[in-house]
Amino acid sequence: MENKKGVAVIYKALYRKWRPQTFSDVVGQEAITGALTNQVKAGRVGHAYLFTGTRGTGKTTCAKVLAKTVNCEAPTEEGPCGQCACCRGIEDGSILDVIEIDAASNNGVDDVRDLRDETVYRPGRCKYKVYIIDEVHMLSVQAFNALLKILEEPPSHVIFILATTEIHKVPATILSRCQRFDFTRIPADKIKARLLEVAGQEEIPLTQGAAGLISVLADGSMRDALSLLDTCASFGEEVDEERVRQMAGVTDKSYLFSLSEAAEQGDLPALLSLVATLRERSIDVKRLTEELIAHYRNFLLAAAAPEGGLLDFLPEDERTRYLRCVPAVEERRAIGALERLAAALDRMTRSQDPRVELELALFEIAGVGGQASVTPAADAKQAVQSASKNEAPLEKPAKAVPVASPKEPVAPARAALPREPLPQKQQNTPDKQPPDEIKPFEGWDAVIAETEKRDPMVYSYLKATKAYFDGKRVLIDGSGMFLEFMRSNKNVSGVIKDAIQAAGGKRFGIGPYKAETQRESPADTTRKTLKEWEEKGIPIEYENGGKPE
């Protein structure tokens, strides 16, 4: 591309061209821009700021606007004037008093030490030296320690602005020395209004529906919205919803309604066919599962607000369809579907075939024989009664039931009763060894006494325990809470091991131990199961007409 003088000019992307130059231009962060503006007016600018939030919400933009405002020779109510030498120099990069650092590629301790050495020099042209450190969470531990020293004793002419998308990775010592501002996702309606404004100035034919769809796909990011608009406008034609879907790689969401309708009707062949068709269209199974989760969540939002107020982020046609379909999808069924889809999504990370996990979840949502399944919170009685409505009657009249011989154990006649678990091969673990291979640990009282000297809290738990020895480890028999605490806390384990070594002169590993109870016979297990079912009100019939003794 060339200008009128024939000089090559690189096209400037919309998100760069329309980056806000004042606080009033920043969209969707009014609380933050208002606070920063008031600080500049009152002369109470801090020495360190921390901007956190998702991508494209204005963190770096506000950092640059703040850097220009504190150095502006004639700041206005809206921020920097943009006309003075400092504003123009910071914008075109000719003034080096505002330094942007990418922590992702400059994350070593030497980089921060170099920065610390530079801070001692006063700014060359501006009032303040401003360091904008983007993605600060990428700094190493040593680099954070070096940065902490600067934040503790900063020169009066230096301001730090840290930006991050992962605030949980920033040490608390850094957080405590910064003024923190949380940037929220920009509402879809504000993104839509900004897109229409930009499209009007750029003479891009953008429809209202397309602007709404882009604002939803942007997921709260103004930069993503402008980038998608830039991509769609490259065709030189009207940007409508079809063009946006084509360029964003998304399709009409009608297939989600088709899946939920087939599940409500219990049409298993249709479910399998739809999943297969979507896979052929290269739709990722995990992404499809996430879309279904959002789909059923929209049903809940539509049921909670029949006027559609909770679905403002959706295009008008989709919002209308959800409100129309709410009566066909009960809230209880939608909650059950969400639980099953979320569980399937979790299993997909460990499964070799995610498609199977999705199909199983859809089958559970559809239920047996077309009856939608109940939520996992329903009790066994409700599940059995629900299944019995869709299966053949359990009673079979005019058919003799064979009677077991007196020497054989009486087995329940119901096919729905649980089967006996297959005997598993007994593993030779210290926790499950026969009692005659484990001996009481001598000197346990001395260990407890030694623990009291080292850690009173551990002693309070340990004093009521017993200990056994399997030849390699000391197995502690105590409350379940303490055993779990000991298992998950290395410090507690270390205190006990040190006490054992101090009391006996030799160090051993430790572990939990529970004395084995008497094993139940298969008949005892069956009786116990039947009793639990009867207590829940589930009717049980036996072949001999009575109950097993």
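**Burial, salt bridges and ring pairs**

User: Why is Glu202 called partly exposed?
Analyst: In this predicted model, Glu202 has a relative accessible area of 24%. Because buried means under 20% and exposed means over 50%, a value of 24% makes Glu202 partly exposed.

User: What makes the contact between Glu202 and Lys17 a salt bridge?
Analyst: The cut-off is a side-chain nitrogen of Lys or Arg within 4 Å of a carboxyl oxygen of Asp or Glu, and the side chains of Glu202 and Lys17 meet at 2.9 Å, N to O. Glu202 belongs to helix 8 (residues 188-202) and Lys17 to helix 1 (residues 14-17), so the pair ties together parts 185 residues apart in sequence. Lys17, with a relative accessible area of 47%, is also partly exposed.

User: How do you know that Glu153 and Lys149 form a salt bridge, and why does Glu153 count as exposed?
Analyst: The closest N and O atoms of Glu153 and Lys149 are 3.9 Å apart, and the limit is within 4 Å, so the pair qualifies as a salt bridge. Glu153 has 57% relative accessibility and therefore counts as exposed, since the threshold is over 50%, whereas Lys149, at 41%, is partly exposed.

User: Why does Arg194 count as buried while Glu197 counts as partly exposed?
Analyst: Arg194 has 11% relative accessibility and so counts as buried, the limit being under 20%, but Glu197, at 41%, counts as partly exposed. These two residues form a salt bridge whose closest N and O atoms are 3.5 Å apart, and both lie in helix 8, three residues apart, about one turn of the helix.

User: Why is the ring pair of Phe257 and Tyr322 called tilted?
Analyst: A search of the whole structure finds 13 aromatic pairs. Among them, Phe257 and Tyr322 have ring centres 4.8 Å apart and planes at 50°, so the pair is tilted, because planes under 30 degrees apart count as stacked and those over 60 as edge-to-face. The pair links distant parts of the chain, with Phe257 in helix 12 (residues 254-265) and Tyr322 in helix 15 (residues 316-325), and both residues are buried.

User: What makes Phe441 and Trp444 an edge-to-face pair?
Analyst: Their ring centres are 6.3 Å apart, and pairing requires centres within 6.5 Å; their planes stand at 80°, so the pair is edge-to-face, given the threshold of over 60 degrees. Phe441, at 16% relative accessibility, counts as buried, as does Trp444 at 6%.

How values were computed
Residues numbered from 1 in each chain as written. Predicted model: local features only at pLDDT ≥ 70, side-chain atom pairs only at ≥ 80, totals over all residues. Heavy atoms only, no water. Phe/Tyr/Trp six-rings, centres within 6.5 Å; stacked < 30°, edge-to-face > 60°. Helix = DSSP H or I, 4+ residues; strand = E, 2+ residues; numbered from the N terminus. Buried < 20%, exposed > 50% of the residue type's maximum accessible area, 1.4 Å probe, protein only.
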